[in-house]
Amino acid sequence: MALAGGCSCGAIRYKLTNSPLSVHACHCRDCQRITGGPHVINIWIERKFVESSGAEPKPFVLKGGSGKLHEVFFCGICGTYVWSRYGIVPSDCLFVRAGTLNQPEAVTPDVHIFTRTKLPWVQLPKDARAFEAGYSIPKVWPAASLERMQLNAAGQT
Ligand SMILES: [Zn+2]
Ligand SMILES: [Zn+2]
């Protein structure tokens, strides 16, 4: 079953037509501020696999921790932040906020990143892969995701 979701008011609806490349729980300060919570849950996926309908998400631009741009897309009516695009990511991908899924429990984080700013009362599962800051994608991702990323960078499906 495809993952689907939308914003709070329902003006933006979306469907993911492939599985996530990776699911990130990011505990950095930017994600804490944007979400107002302890961390964001981002589904990293090629943009071509995000089918959105209804209102066009509106962007604003922040400077990411990397110094590269971080575009944040939100609903112009209700303000729900539905996904981001990071300038540091080498191919055309979106980071879809898992909290906007119809069933947010359908995904679990593959990695927890920027745990150096994790709120002290947040307990990660014992077997969680956690990194103080970023991590090396080739060392962590499954082969199928690495292959998809290469195809995406080359503009193929
Ligand atoms: Zn909305
Ligand atoms: Zn973050």
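**Pockets and zinc sites, talked through**

Trainee: How does the lining of the second largest pocket divide by class?

Mentor: Five of its residues are nonpolar, one is polar and three are charged. Keep in mind that this is a predicted model.

Trainee: Okay, and which residues line the second largest pocket?

Mentor: The lining is made up of Arg47, Val50, Ser52, Glu56, Pro57, Phe73, Trp83, Arg85 and Leu94. Strand S5 (50-54) and strand S8 (81-86) each give at least two residues to that lining.

Trainee: How much space lies in the second largest pocket?

Mentor: About 160 Å³. For the largest pocket the volume is about 600 Å³.

Trainee: Let's go there, then. Which residues lie nearest the centre of the largest pocket?

Mentor: Those are Cys26, Tyr86, Ile88, Ile113 and Phe114, out of 24 lining residues. The elements that supply two or more residues to the lining are strand S3 (22-26), helix H1 (29-35) and S4.

Trainee: Which element gives the most to the lining of the largest pocket?

Mentor: H1 does, with three residues. By class, the lining of the largest pocket has 13 nonpolar, eight polar and three charged residues.

Trainee: Switching topic to the metals. Which residues coordinate the zinc ion (ligand 2)?

Mentor: Cys26, Cys28 and Cys31 do, each through SG, at 2.1 to 2.3 Å. Cys26 is also one of the residues nearest the centre of the largest pocket.

Trainee: How are those donor residues spaced in sequence?

Mentor: The donors of the zinc ion (ligand 2) run C-x1-C-x2-C.

Trainee: Are Cys28 and Cys31 of that site buried or exposed?

Mentor: Cys28 is buried, with 14% relative accessible area, and Cys31 is buried too, at 4%.

Trainee: Now the other one. What are the protein donors of the zinc ion (ligand 1)?

Mentor: The SG atoms of Cys7, Cys9, Cys75 and Cys78, lying 2.3 to 2.4 Å from the ion. Along the chain, the donors of the zinc ion (ligand 1) are spaced C-x1-C-x65-C-x2-C.

Trainee: And what are the angles among the four donor atoms?

Mentor: They span 106 to 113°, and the site of the zinc ion (ligand 1) is tetrahedral.

Trainee: Next, Glu46. Where does Glu46 have its place?

Mentor: Glu46 is in strand S4, residues 40-46.

Trainee: Is Glu46 buried or exposed?

Mentor: Buried, because its relative accessibility of 1% is under the 20% cut-off. Beyond its neighbours within four places in sequence, Glu46 contacts Leu21, Asp92, Cys93, Arg148 and Asn152.

Trainee: Last stop, the loops. Where is Gly65?

Mentor: Gly65 sits in the loop between strand S6 (58-63) and strand S7 (69-74). Gly65 is exposed, since its relative accessible area of 82% is over 50%. From Gly65 to Ala133 the C-alpha distance is 10 Å, with 68 residues separating the two in sequence.

Trainee: And where does Asp127 lie?

Mentor: In the loop between S10 and S11. Asp127 counts as exposed, at 69% relative accessibility. Asp127 and Leu94 are 27 Å apart, C-alpha to C-alpha, and 33 residues apart in sequence.

Methods:
Residues numbered from 1 in each chain as written. Chains lettered and ligands numbered in written order. Predicted model: local features only at pLDDT ≥ 70, side-chain atom pairs only at ≥ 80, totals over all residues. Heavy atoms only, no water. Donors = N, O, S within 2.8 Å, 3.2 Å for Na, K, Ca; no water. Tetrahedral: all angles 85-135°; square planar, octahedral: opposite > 155°, others 65-115°. Helix = DSSP H or I, 4+ residues; strand = E, 2+ residues; numbered from the N terminus. Buried < 20%, exposed > 50% of the residue type's maximum accessible area, 1.4 Å probe, protein only. Contact = heavy atoms within 4.5 Å. 1 Å grid on protein atoms, 1.4 Å probe; cavity = no way out; pocket = protein on both sides within 12 Å on 5 of 7 lines; lining within 4 Å. Points joined across faces, edges and corners; volume = space filled by probe spheres on them. Nonpolar A, V, L, I, M, F, W, Y, C, P; charged D, E, K, R; others polar.
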